Amino acid sequence: MRRAFGRADDAVDDRARGYGELALGARVVREPRPYQAEALAAWQAQQGRGVVVLPTGAGKTWVACLAIDAKRRSTLVVAPTLDLVRQWYDVLRTTFGVPVGVIGGGEYDVRSLTVSTYDSAHLHMEHLGDRFGLVVFDECHHLPGPAYALAARACVAPFRLGLTATPERADGRHADLDELVGPIVYRKDIVDLSHAGGYLAPYDTVRLTVELGPDDRRAHDEARGIYRDFVARNGIRMSSPSGWSDFVIRAARSEDGRRAMAAYRRQRDIAFAAPAKLDYVGLLLDRHRGDRTLLFTQDNATAYEISRRFLVPIITHETRVRERSEIIAGLADGGYGAIVTSKVLNEGVDIPDAAIAIVVSGSASVREHVQRLGRVLRAREGKRALLYELVTAQTTETFTSARRRDHSAYR
Amino acid sequence: MLTADLVTARRRGDELRLVAADPRRRARIEALAAAFSEIARAQIGSTRQQLDAALDEGAAGADLPSPDRRLIAAVQKLVYDGCSFEEPDAETAAALRREIFRRAAAARRAASPSAPFDRGALLEAAARERGTTAAVVEAGLYGDRPARQRLLAFAGRPPAMLAAGFELAEAQAVLLRATRVTASVRSRDAGTYRQLFRTLKFLRLLPVVEAVAQGGYRITLDGPLSLFQGGTRYGLQLGLALPAIAGCDSWSIEADVRWGADRRPLRFRIGGGAVATAAAEAPSLPDELAGFVTAFERLDSGWRVDREPAVLDLPGAGMCVPDLAFVRGRDGARVHFELLGFWSREAVWRRVELVRAGLPQKILFAASKGLRVGEAVLDESPTAALYVFARVIAAKQVLDRIERLADAAT
C-alpha cells in the first residue's frame, strides 16, 4: 500500500499488522549449497518477495528455513497436501526448536511458526491474515487458482516466498504469481544441478515401447474408431485449447456422444494397462530387485492392478495417513522394495533414496513427468538413477509421451 | 444434496431459471425416484460397486419420453443420499497388506533366475497359516476400499416427497455458486424465525437483517470476504441455509450467482410457501456453546438456561438473535446471551450500536479475544455488557456478569 501511494518513506501507523518477530532463529545451522545461498540472496534483493524455482530434491525446504531465519517474522508455510504439512512440521520444529502450529487435517493450532494446507489457508486466512509477516507457499504453482489465491490476497505479510520446481501452468495463470507472491527471483533446473553441479544424482531415461496383443489391438482400434468418428462428425478440434471440453459437452448431449465417451475411455484404459506393459513391469521389478523402485500410473485402477499382481504396497488418495507413513518408512528401512502410486507422490513428499522410477502411464503434463523424475534424483555416492517410461505403440500414448518429454531434463 | 452440475437450468438474458416443475416433470421425477429407491432397497447387502452398477443399469433402462441424463443423475444422487454403508475394517486390511507385501518384498529380493518370485506360493503359504484359501487372502487385501463397502440400509425419502422437494434441491445446488443472497421471509410463528436465525449463525454467515414494514424480515447474506472479493466462497453455507429459509410461511430469495463453465454472473430468483424438509430442523448448539452450557449448569447457581430465547427487535435500529437466555430462579430476572465468537469485529460494533440505540432487554455478549475488542465499550450501559474470553467461555465469569446485569438499575 505504501508503494502504491508512492510514499514508501513516510512514517506509517500500521494497525493492520498483527504479527510479531521470532524470538529465536534457527538452532540447526547447515552450510547452504552455493545455489541455495544464491537463491536466498536473490529473494532478499527483491525485498523478500518472489518465487524460487529449484528441481525436486535440491533442498527448497532449506531455502525457506534460511529465509525464515533471515527475516525472523511469524511465518506461515502453506503446502498442498497433509503429507507435506507433516514434513514441514518436522523440519521447522527441528530447525527452530520451538513448538510449531498446524492448520488442516482436523487441527487448528496457530503459533508463530505454523504450517497449513492450501485448503485450510484459503478457509481461515480471513481470520489469520494479520498474523504472519512471512508466508512461504510450497509448490506455489497451486496458488493462482481462483480459490487458493485468496490465501495470498487476504494476508498482509510483506515477505512472501514461493517454492516450486515447475511454476508454469497450462491455464497461463502462473503470471498471477507476480502479484500474489512476487516475480521469479531465481531458477535452476535438473540439468543445471545434475550434470554440472553434481547436487542431484546423474540419471538415464529409457523409453520402452510395447505392442498390444491382437485382441487388445482390435478392441483398441474399434473403440478409437468410434471416438474419432464422433469427433470428426461434430467438427471438434481436439488440438485446440477447448477441444477436450467441447468433446465432453457434446458427448453428454446424445446417446451417440455417450457411446463415444465410453469408447474414448476404453481405448485409453487398454493403452494404460496393456498386458505387455504389466509383463514388462514384472521383468523390471525382477531386474531391479536390489533397488528401491517407484512405479507411477495415470489411474488408480492400473495402480491397484499392479499392487495386486506384484504384491507391492500402493499409495492412492484412498490410503490413510498412517498406512502411507508406514509404507514410506518401509521403503526406507528396506521392508519394501517398491511402491506403486497414481498421482499422490508426484510432488513434494520426501521419499527415501529410491533409484528406479517406472512410469507405467501418465498424462501429457511436463510438470508431472519432471516431478516423477525428481523423485529418484536425491544424490548419493555412486548412485545413477534410472527412469523407465512404458508406452503402448500406436496409441495416443505415443503422442502423450512426446508432449510430456518436452523438457530439458529429457533431452 | 445436489451438486451444481446436476441442475437443469436455462439462461434468460441475465437471469438463471430452473426448468419449471410442471406435473409431467414431477411425475417423471417421482417415477425415477421410485425405480432407483427400489433398486437401492434390493441391493442392501451388496457392495457400493454393485449398487453403482445396478443404478447405472436402471438409468440405462429408464423409460423416458426424451432421455434427460442430467435429471436421471440428479434423482440418482438424491436417492443415493439415503444409503448408509458399512464402516470398513481398515485396520485388518492394512495389517494384512503390511504382512503380505513385506513377505513379497523379501521373497522377491531372495529370488534368482533359477528360483523366481512365486506370487501364488506366497499367497498359498499365507492362506495355510490362516486356515483359509489364497482367494480369501487376496480378496481381503483391499477389503477396505470404498467400492467394496456394503450397503447396510436405505432410508430415502418417499418418491412423492422427493419429487415435491426437487425444485428446492436444485435451488440449493444453484446457491452453491452464489456470491450473495437476499431473502425475504414472513412467518406467523416466532419459533420459525428463531430456527432460521440460529441456522444462519450456525453456518457462520453474516446476516444483515431488516424488519419490513408489512411484517417479516429482509435478510442479506454473505461473508466477510465478499467485501474484499466477490466469489462463491460461502456458496455451501448459502445452500445449506435454504431449507431454513423455505421453512417460513412465505419466502423469496434473490441471489447473485456465477454460473456455467465461464462462471457468468447471473441473477437467480425463487420463492414459495413453507416447505417441510428434514434439513430444516433446528441445528443443535455449536460445540463451544454446548460445552459452556454444560459447565454453567454444573455450577448450580440458581439460574436456569433457556435455549430458545426470543428474537430481540428494536424497530428502526436493528435486531439481534440471542443464543440463550438465563433466568434467575428467585426473582425471574432474565438476561440474554449472544456468542459473537471468533467471527467478526463488525458484528460486535453492530451490537454496541444497537445497545446505544436503546435495546431495552438485558444482554451479555461474548466475543473472542482474537477479535481485539475491549470490554470497556459497554461499561457504561446498564442493560448490556461485553465479555471477552481467551480460549473457552468460563461459566463463572458469565455468572458474575449476568448477576451484575440482573441487579443493575435501569
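Me: Helices (H or I, at least four residues) and strands (E, at least two) are DSSP runs, numbered from the N terminus. How many helices and strands does the secondary structure of chain B come to?

Reply: Chain B has 13 helices and 16 strands, while the secondary structure of chain A comes to 15 helices and 14 strands. This is a predicted model, in which local features need pLDDT of at least 70 and side-chain atom pairs count only at pLDDT 80 or more, whereas totals for chains, interfaces and linings use all residues. Residues are numbered from 1 along each chain as its sequence is written, and chains are lettered from A and ligands numbered from 1 in the order in which they are written.

Me: What percentage of the residues in chain A is buried?

Reply: A residue is buried if 20 or more other C-beta atoms lie within 10 Å of its own, exposed if 12 or fewer, and partly exposed in between, with C-beta atoms placed from the backbone. In chain A, 47% of the 411 residues are buried; in chain B, 33% of the 410 residues are.

Me: Why does A:Leu66 count as buried?

Reply: A:Leu66 counts as buried because it has 24 C-beta neighbours inside 10 Å. The residue sits in helix α2 of chain A. Two residues are in contact if their C-beta atoms, placed from the backbone, lie within 7 Å. Not counting residues up to four places away in sequence, A:Leu66 touches A:Pro32, A:Gln36 and A:Leu40. A:Arg30 is 36 residues away along the chain, and its C-alpha atom is separated from that of A:Leu66 by 9.5 Å.

Me: Which residues touch the most other members of the largest nonpolar core?

Reply: In soluble globular proteins, nonpolar side chains tend to be buried together. A nonpolar core is a set of buried Ala, Val, Leu, Ile, Met, Phe, Trp, Tyr and Cys residues joined through C-beta atoms within 7 Å. The largest such core has 103 residues, and A:Val52, A:Val78, A:Ile358 and A:Val376 touch the most other members. Helix α2 (residues 60-71) of chain A gives the most to this core, namely 6 residues. Neighbours within four places in sequence aside, the contacts of A:Val376 include A:Leu294, A:Ala354 and A:Leu387. A second, separate core of 60 residues includes B:Leu2, B:Leu205, B:Leu221 and B:Val321.

Me: In what order do the 8 strands of the open sheet in chain A stand?

Reply: Strands of a sheet pair through backbone hydrogen bonds, either parallel or antiparallel. Here, two strands pair if DSSP finds at least two bridges between them. The order of the 8 strands in chain A is β4-β3-β5-β2-β6-β7-β1-β8, with mixed pairing. At the edges stand β4 (107-109) and β8 (184-187) of chain A, each with a single partner strand, so one side of each is left without a neighbour in the sheet. Strand β3 (residues 101-104) and strand β5 (residues 113-117) of chain A pair in the parallel sense over 3 bridges, and A:Gly101 has A:Thr114 in β5(A) as its bridge partner.

Me: Which strands does α2(A) lie across?

Reply: Axes are lines fitted to C-alpha atoms, for helices over the stretch in contact, and angles run from 0 to 180 degrees between N-to-C directions. Helix α2(A) lies across β1 (49-53), β2 (75-79), β6 (134-138) and β7 (159-164) of chain A, and runs at about 170° to β7(A).

Me: What is the pairing in the open sheet of 6 strands in chain A?

Reply: The pairing is parallel, and the order is β9-β14-β13-β10-β12-β11. Strands β9 (203-210) and β11 (314-315) of chain A stand at the edges, each with a single partner strand, so one side of each lacks a neighbour in the sheet. Strand β9(A) pairs with β14 (residues 385-392) of chain A over 8 bridges, and A:Leu208 stands opposite A:Leu390 in β14(A). Helix α15 (residues 396-404) of chain A packs on the sheet, touching β9 and β14 of chain A, and its direction makes about 145° with that of β14(A).

Me: At what angle do the axes of α5(B) and α6(B) cross?

Reply: Two packed helices are described by the angle between their axes and the distance between the axes. The axes of α5(B) and helix α6 (residues 134-141) of chain B come within 8 Å and cross at roughly 95°. Angles under 35 degrees count as roughly parallel, over 145 as roughly antiparallel, 65 to 115 as roughly perpendicular and the rest as oblique. Helix α5(B) is therefore roughly perpendicular to α6(B).

Me: How many residues of chain B are in contact with chain A?

Reply: There are 29 residues of chain B in contact with 25 residues of chain A. On the side of chain B that touches chain A, the elements giving two or more residues are α4 (90-110) and α5 (119-130) of chain B. The largest share, 11 residues, comes from α4(B).
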